[in-house]
Amino acid sequence: MSWIRLPLGGPLGHINVWAVEEADGLALIDTGVPTDACKQAWRDVLAGPLGGRPVSRVICTHMHPDHIGLAGWLCTKFGTSLWMTRGEYLTARLLCADARPAPPAEAVATWRGAGWTEAQIAAATARGWGSFARSVHRMPEGFVRVKAGDDLGGGWRAVIGSGHSPEHLCLVDEVRGMMIAGDQVLPRISSIVAISILEPEADPLGEWLASIARLRAELPGDLLVLPAHGAVFTGLHARLDALADGHLRTLDRLHARLVERPLRAVDCFGVMFKRAIDDKLLGMATGETLAHLQHLEQAGRAVREPVDGVWWWRAC
């Protein structure tokens, strides 16, 4: 098994991808983004350290562009198949098809509801819609579906999480004591858990917390975790506990602030984040904050009251 680090722009800087030996070649797990730098990195590693071996299949943990961005390119290059969960593949195909000149009305309503200014809404509208499609190489027209508990060969079985993405695939080999975790468990940061306009009334944070509890109950605590970002680590149970505790403490802080007075989502950024939120981070921050507020609502701890298209949240 080989650990490959591919370059990314932005604060993450890299993504870890993996090449697993199989009888008929290499299974590549996650792909990087469709940039010249990522493509050249693949060419170099496949021709060099990986010895020019054929690629037997491409497995993607989930549908975010740094994980599937080059899936179509690799599958075409090697004439092989893409393996994913159904929820991830279909969501990616939907988003790739949703390229339009202006954001949908539902997105604008969400931005206004969260408390964005008219200038911020105008700036986001001017950027158009459909950036996902530009961040992903054309995907294969079909895929091989992976389900929870599937035997993926080579001692690996499929374990599914949710919250960060619809149906996130992790690969676990309990005999060798390893877990390819994608973004489901990261060593130093918490994965983004955000509301999407595809499912505006969902509770992704509830799904995330439930996934953490399920992984903790089902998996050994001494696995070597191979994450998509950062270094490999041990101590799975301790890390899952820390991830859950971080979100639960944030929920309590939000609730305490809502007890004081009703707030919009943008008024909650100071509680949610340790840094200032500029316009580059506004969309991400809004999605994450709404996920926490809606979880409070689902738990009966807060209620949303619309006033002239703006959502005001108060504690229950």
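Contact here means heavy atoms within 4.5 Å. Helices (H or I, at least four residues) and strands (E, at least two) are DSSP runs, numbered from the N terminus.

This is a predicted model, in which local features need pLDDT of at least 70 and side-chain atom pairs count only at pLDDT 80 or more, while totals for chains, interfaces and linings use all residues. Residues are numbered from 1 along each chain as its sequence is written, and side-chain values use heavy atoms, with hydrogens and water left out.

**Exercise 1. Two helices and a threonine**

Task: Find which residues of H9 and H11 meet, and describe how the axes of H9 and H11 cross.

Solution. 
- Step 1: Start with the contacts. From H9 come His-247, Thr-250, Leu-251, Leu-254, His-255 and Leu-258, and they meet His-292, Leu-293, His-295 and Leu-296 of H11.
- Step 2: Sort these residues by class. Ala, Val, Leu, Ile, Met, Phe, Trp, Tyr, Cys and Pro count as nonpolar, Asp, Glu, Lys and Arg as charged, and the others, Gly among them, as polar. The contact of H9 with H11 then has 5 nonpolar, 5 polar and no charged residues.
- Step 3: Turn to the axes, which are lines fitted to C-alpha atoms, for helices over the stretch in contact; angles run from 0 to 180 degrees between N-to-C directions. The axes of H9 and H11 (residues 282-298) come within 10 Å and cross at roughly 75 degrees.
- Step 4: Name the angle. Under 35 degrees counts as roughly parallel, over 145 as roughly antiparallel, 65 to 115 as roughly perpendicular and the rest as oblique. H9 and H11 are therefore roughly perpendicular to each other.
- Step 5: Look at one residue. Thr-250 lies in H9 (residues 236-260). Its relative accessible area is 9%, so Thr-250 is buried (under 20% is buried, over 50% exposed, in between partly exposed, with a 1.4 Å probe and protein chains only). Leaving aside neighbours within four places in sequence, Thr-250 is in contact with Met-272 and His-292.

**Exercise 2. Another helix pair**

Task: Work out how H5 and H6 are arranged.

Solution. 
- Step 1: H5 (residues 105-114) packs with H6 (residues 118-126) at an angle of about 150 degrees, and their axes are 10 Å apart.
- Step 2: That angle makes H5 roughly antiparallel to H6.
- Step 3: Val-108, Trp-111 and Arg-112 of H5 meet Glu-118, Ile-121, Ala-124 and Thr-125 of H6. These residues divide into 4 nonpolar, 1 polar and 2 charged.
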